[in-house]
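I opened my notebook with a plain plan. I would pick a few places in the structure, look each one up, and write down what I found.

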Amino acid sequence: MEKLNPFLKGVSILVCGLILSFSYSVLLNGGIIAVSLILLLFFSKARLTSLVKILVPAFVAAVSIFFTGMMFTSGSAIAPEAVSKVESLNFEVMSYSMTSVYNAIQLSSRILAFAGLGVLFAMTTDGEEFVKSLMHQCRLKPKYAYGVLAAFHLLPCIREEFAKAQMAFRVRGIPVTPFSMKPVFAMLVNTVHWSEHVAMAMESKGFDGEGARTYYTVTVIRWYDWCFLAVTVSLLVSGTFLLPF
Amino acid sequence: MNQNFLSVKDVTFRYFEQAKRNILEHVDLEIEKGKIVVLIGNSGCGKSTLAAVSAGLYPENAGQLLSGSIRICGRELSTIANSERAKLLSMMFQNPDLQFCMDTLKKEMIFCMENICVPKEEMDGRIGELAEKLQIEELLDRNIHTLSGGEKQKAALCCLLLMNPAGIFLDEPFANIDEASTRKLIAMLKKQNEEQHTTLIAIDHRLDHWLSAADEFIVLGKNGQVLQGGITVETLPRYRELFLQEGLFYPEELPEFQPPEIGQTILELKSVSIRKGKRKEFLIEKADASFEKGRITALIGHSGCGKTTLFSVILKQKKYEGTILLEGTDVKKMKPQKLFHRVGTVFQNPGNQFVSACVQHEVEKSLSIWHPGLGEEEKKERVFRLLEAYGMKQYRRYSPYMLSQGQQRRLAVLSMLVGNQQILLLDEPTYGQDARSTKAIMDQLLGLVKEREMTVIFATHDLGLARRYADRIYRMEGKELIEWKN
């Protein structure tokens with residue numbers, strides 16, 4: 001998975017997501033989850049622990065949606081006349097709950113399918129590679145590409161600065177919770193200053209947002225990138241039409 | 001032929017169109033090719049601005065050039081494209097953290113070469129060659145974020161040397177790093193100058209490191225005006241008066257350091273060990289120290305050796321092993337609020353600890369934290385008195401962020417003072433300050449120690465500062481904390 005071109009991989013997964021949002025099939029959702037997991041576990045270098053860490057919240061969300069769906073569906077999947085003709089209350093309740101359970105499974109599996117697609121991209125793609133391929137395949141200007149990279153690499157500094165600001169406030173006798181906005185403000189003031197400094201440093205090293213430059217590594221699109229796109233999309237499209245549930 | 005590397009003629013520059021004053025006013029400056037020149041001036045005299053204007057970073061990024069022209073190697077600056085300009089004049093900055101856009105030195109070097117259109121095939125060769133020459137192989141693939149301040153500056157310099165520009169402008173490159181790294185960097189620069197005839201223009205507010213290397217010193221006055229050029233190491237003593245008059249740091253032998261007799265201990269560390277992050281490795285191991293009441297104690301050591309961490313340990317913000325006693329009471333058993341009421345702190349970047357949008361409210365806020373029962377009128381009056389006493393009254397409606405670094409620090413100390421804390425911890429109190437501002441800050445501290453019998457502990461990487469102002473000096477070396485005696 002890591003060898004695929006990040007840009008084209010992103011496009012494939014985005015298209016899959018779009019198609020998925022128009023389909024309504026538990027089997028298709030299940031299939032996507034299974035395929036994503038198989039690709040992640042056997043065809044990528046993704047670490048199991050980080051995979052679990054990301055998927056646990058998604059799973060919690062799916063479970064909660066499952067119960068919401070089961071308890072609060074309107075039950076419109078079955079025509080009301082059909083139900084009212086049946087005299088037995090038990091059967092009515094049962095048919096209602098059958099549709100609710102189906103709805104609930106449908107909704108929750110959908111969440112997991114989207115999560116699977118997202119994780120498949122996120123865990124097999126290096127941020128730097130992705131930005132580079134945006135530059136080469138998508139003609140993103142170097143100005144934006146390297147700007148994003150610089151900001152990305154400043155993150156550890158920003159995190160440290162935030163911790164320092166929180167400590168400074170605490171020591172001044174001002175209670176700080178993880179949601180206090182004041183330290184965030186102090187940190188933002190700093191980062192605005194920083195961005196200017198970094199930009200000047202980049203420029204003094206000859207960086208020119210639009211001018212000519214050479215590239216050490218150029219990401220390219222190979223035949224198997226197109227294959228990945230074609231196979232995933234065609235599988236998904238046929239899945240939407242063929243799978244009944 | 002033009003023998004000047006850089007010639008600045010009649011340059012006037014300001015940041016905002018509506019601003020009342022110009023940062024640079026009709027500045028003329030000429031730098032000869034192949035020389036090492038040091039520009040010295042007070043902070044706020046416009047020397048950093050002059051550097052950025054000369055390197056073409058301003059007015060492109062900010063401000064307006066109202067008049068004048070700048071020529072590098074005889075060519076008009078505004079006609080040279082960025083990538084070509086970097087081959088003529090490149091710049092090294094003060095803050096080690098903010099000079100990189102990639103995560104490892106190797107990638108950063110590649111980024112630099114891409115900028116100046118070096119063909120891909122040559123890149124590996126050039127990196128290898130330079131790395132061997134400067135012995136930085138082990139730095140190449142380490143994450144830049146994990147390097148020390150000195151190593152970061154070294155890495156930044158290596159990037160510039162790789163591009164081999166005709167000249168390098170250095171904006172206070174040693175302000176944040178320790179003496180040993182400074183010496184190494186100067187040796188590297190000197191060698192580059194000798195081998196490649198690279199012109200080096202350095203901005204500094206101290207010239208003692210440069211004595212062995214520089215060809216010329218130039219003193220800058222207000223608005224970037226050249227007060228005196230052509231000073232060499234030999235003629236330097238003639239200009240001692242000028243230096244003192246401008247409030248600049250003049251290199252002189254310090255008197256022998258004599259610690260006073262041992263006084264009453266107020267804060268004591270007993271075999272305190274601190275671990276690095278969450279790892280098992282020790283940052284500081286079994287440190288013993290005692291800080292005396294009404295005295296100034298300095299903590300010296302290179303950047304990243306754990307001075308700041310030791311402060312956060314004293315403030316109970318980080319886990320440690322061992323005992324810390326504050327007037328005989330174990331800090332571990334004290335409530336945080338009570339501890340902070342007795343120990344105040346000013347961090348390296350005081351901008352982190354401001355809570356209000358104006359100076360007056362900033363001090364008022366502290367007052368209401370530490371003296372909750374005070375009436376509005378009395379609060380206002382006390383704040384006014386304090387602001388007046390410390391010369392900050394005219395700034396009372398300013399935002400704290402609009403003050404200069406030195407003023408910010410004084411404000412931070414001020415808002416600590418209203419709490420009547422007995423112990424003041426200061427992390428790098430003179431970070432990036434010139435001699436005059438350093439003196440103002442340190443004199444304020446000396447006054448406090450005398451008036452209120454306060455105990456001051458400050459961390460610095462500058463041994464000279466410690467020797468001049470401290471009664472006792474502790475040095476962090478490796479993982480140990482040792483008392484320093486001459």
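**Entry: A:Leu51.** I looked up what A:Leu51 touches in this predicted model. Leaving out residues up to four places away in sequence, I found A:Leu40, A:Leu41, A:Val119 and A:Met123. A:Leu51 sits in helix H3 of chain A, which covers residues 48–72. Is A:Leu51 buried or exposed? Its relative accessibility is 5%, so A:Leu51 counts as buried, the cut-off being under 20%. I also checked its distance to A:Leu229.

**Entry: A:Ser108.** Next I went to helix H5 of chain A, residues 89–124, where A:Ser108 is found. A:Ser108 counts as buried, at 9% relative accessibility. What does A:Ser108 contact, leaving aside its neighbours within four places in sequence? I noted A:Ala62, A:Ile65 and A:Phe66.

**Entry: annotated spans of chain A.** I checked the UniProt record, an unreviewed entry. Its annotation "transmembrane region" covers residues 12–42, 54–80, 100–123 and 223–243 of chain A. I then looked at two of these spans in the model. Residues 12–42 are 90% helix and 0% strand, and their end C-alpha atoms lie 20 Å apart. Residues 223–243 are 95% helix and 0% strand, with end C-alpha atoms 29 Å apart.

**Entry: chain B as a whole.** I counted up the elements of chain B: 14 helices and 20 strands. How compact is chain B? Its radius of gyration is 24 Å, close to the 23 Å that the globule rule gives for 486 residues, so chain B is as compact as a globular protein of that length. Along the principal axes, its C-alpha trace spans about 75 × 55 × 40 Å. Of its 486 residues, 56% count as buried. I looked at contacts in chain B between residues at least 6 apart in sequence, and 69% of them join residues at least 24 apart. Chain B exposes about 21,100 Å², and carbon and sulfur atoms supply 47% of that.

**Entry: the annotated domain.** UniProt, again in an unreviewed entry, lists residues 6–248 and 269–486 of chain B for "domain: ABC transporter". I looked up residues 6–248. That span is 33% helix and 25% strand, and its end C-alpha atoms lie 25 Å apart.

**Entry: nonpolar cores.** The largest nonpolar core has 55 residues. Which members touch the most other members? They are B:Leu105, B:Met109, B:Ile136, B:Trp210, B:Phe217 and B:Phe243. Helix H5 of chain B, residues 149–163, gives this core its largest share, 9 residues. Back at B:Phe217, I listed some contacts beyond four places in sequence, including B:Val38, B:Ile40, B:Trp210 and B:Ile231.

**Entry: helix H8 of chain B.** Here I asked how many of the 8 residues are buried. The count is 7, so helix H8 (residues 307–314) is largely enclosed by the rest of the structure. B:Lys307, B:Phe311 and B:Ile314 are among the buried ones. After H8(B) comes B:Lys316, with a positive phi near 65°.

**Entry: B:Gln407.** B:Gln407 lies in helix H12 of chain B, residues 405–417. With a relative accessible area of 17%, B:Gln407 is buried. Leaving aside neighbours within four places in sequence, B:Gln407 is in contact with B:Met392 and B:Tyr395. A polar contact of 3.0 Å joins the side chains of B:Gln407 and B:Tyr395. B:Met392 is 15 residues from B:Gln407 in sequence and 8.2 Å away in space, C-alpha to C-alpha.

**Entry: backbone details in chain B.** I found a cis peptide bond joining B:Tyr58 and B:Pro59, with omega about 0°. B:Pro59 lies in the loop between helix H1 and strand E4. B:Cys73 is not a glycine, yet its phi is positive, about 50°. B:Cys73 lies in the loop between E4 and strand E5, and is partly exposed at 27% relative accessible area. B:Gln135, also other than glycine, has a positive phi near 55°. Its loop runs between helix H4 and H5 of chain B. B:Gln135 is exposed, with a relative accessible area of 62%.

Technical notes: Residues are numbered from 1 along each chain as its sequence is written. Chains are lettered from A and ligands numbered from 1 in the order in which they are written. This is a predicted model: local features need pLDDT of at least 70, side-chain atom pairs count only at pLDDT 80 or more; totals for chains, interfaces and linings use all residues. Side-chain values use heavy atoms; hydrogens and water are left out. Helices (H or I, at least four residues) and strands (E, at least two) are DSSP runs, numbered from the N terminus. Buried means under 20% relative accessible area, exposed over 50%, partly exposed in between (1.4 Å probe, protein chains only). Contact means heavy atoms within 4.5 Å. A polar contact is a pair of N or O atoms within 3.5 Å; within protein, one must be able to donate a hydrogen and the other to accept it, and residues adjacent in sequence count only if both atoms are side-chain atoms. A nonpolar core is a set of buried Ala, Val, Leu, Ile, Met, Phe, Trp, Tyr and Cys residues joined through side-chain atoms within 4.5 Å. UniProt positions are given in the numbering used here, feature names are shortened, and annotations may be inferred rather than shown by experiment. The radius of gyration is taken over C-alpha atoms; the globule rule is 2.2 Å times the number of residues to the power 0.38. Accessible areas come from the Shrake-Rupley method with a 1.4 Å probe; for residues, only the protein chains shown count as cover.
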